[in-house]
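This briefing concerns a predicted model.

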Amino acid sequence: TSLRDMDLADETVLSFHDSLLKRSDVALLEGGQWLNDKIIGFYFEYLEYDVFRDFADGVSFITPDVTQFIKLYEGSELGIFLEPLRLHEKRLVVLVVNNNASMETAGGSHWSTLVYDRNTNVFQHMDSCGSMNSLPARQCAKRIAPFLRVPMEPAFCEVTPCPRQDNGYDCGVYALCFAEAVCRIKLLSDSESTLQNISGSDVDKWRKDTKIMIEALAKDAQ
């Protein structure tokens, strides 16, 4: 197989706002695959520009690449990158956290969800593997806190009980389901959405539904 054939096989499937999904990214939605930052970033943009578009002024969905930068950047110029996000004006700040400890290379083995709620001044951490990502989530919270401009330091809370994954690859789906459920509860007062009831069957359904949605968006864009 030539490089050209490989490039054609991995063609771009969808351009959606700042997200560019290739065929290999969409293939990760099949069962048994670990989600990458491209799929997670796309779904955050879908939540921001579609599901919660009426709350654009009140919620910030921070994509995984930016979250990774926030977590690991050691310089004094973090404000240059964070001030344009205007986090001090947002009710909710939503992130998906990875446990990769390197800025240079992609990787990590686990995703979890971190949500800041200005109404309670609390960072809530939701992790489908207990508190596996507690340290990187606390790192993110500590870096973001000064840019929230609140008089008291925000509290950090591990949400328990939290639905648990029963395999080594569904953490990203759980993280996105947690993020969407929390936003539905807090922004839409959706009584149908409950964090604790998210299950393996919901995760399987999310994979199928998201693949269908991407195919529909791609078709509409043609």
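Does C162 count as buried or exposed, and at what relative accessibility? C162 counts as buried, because its relative accessibility is 12%, below the 20% limit that defines the buried class.

**Cysteines**
- The closest cysteine sulfur to that of C162 belongs to C157 and lies 10 Å away, which is too far for a bond.
- C183 is likewise buried, with a relative accessible area of 0%.
- For C183, the closest cysteine sulfur is that of C177, at 12 Å, again too far for a bond.
- A disulfide requires two cysteine sulfur atoms within 2.5 Å, and by this rule the model has zero disulfides.

**The sheet**
- Five strands form an open sheet with mixed pairing, in the order β3-β4-β5-β6-β7.
- The edge positions are taken by β3 and β7 (155-158); each has a single partner strand, so one side of each lacks a neighbour in the sheet.
- From one strand to the next, the twist averages 20 degrees.

**Strand β3 and its surroundings**
- In a regular strand, side chains alternate between the two faces of the sheet.
- Strand β3 (residues 59-62) is covered on both faces: V59 and F61 are buried on one side, and S60 and I62 are buried on the other.
- Strands β3 and β4 (residues 92-98) run parallel and are joined by four bridges.
- Within β4, V93 is the bridge partner of S60, while V94 stands opposite F61.
- Helix α4 (residues 64-72) lies across β3, β4 and β5 (111-117), and runs at about 80 degrees to β4.

How values were computed:
Residues are numbered from 1 along each chain as its sequence is written. This is a predicted model: local features need pLDDT of at least 70, side-chain atom pairs count only at pLDDT 80 or more; totals for chains, interfaces and linings use all residues. Side-chain values use heavy atoms; hydrogens and water are left out. Buried means under 20% relative accessible area, exposed over 50%, partly exposed in between (1.4 Å probe, protein chains only). Helices (H or I, at least four residues) and strands (E, at least two) are DSSP runs, numbered from the N terminus. Two strands pair if DSSP finds at least two bridges between them. Axes are lines fitted to C-alpha atoms, for helices over the stretch in contact, and angles run from 0 to 180 degrees between N-to-C directions. Contact means heavy atoms within 4.5 Å.
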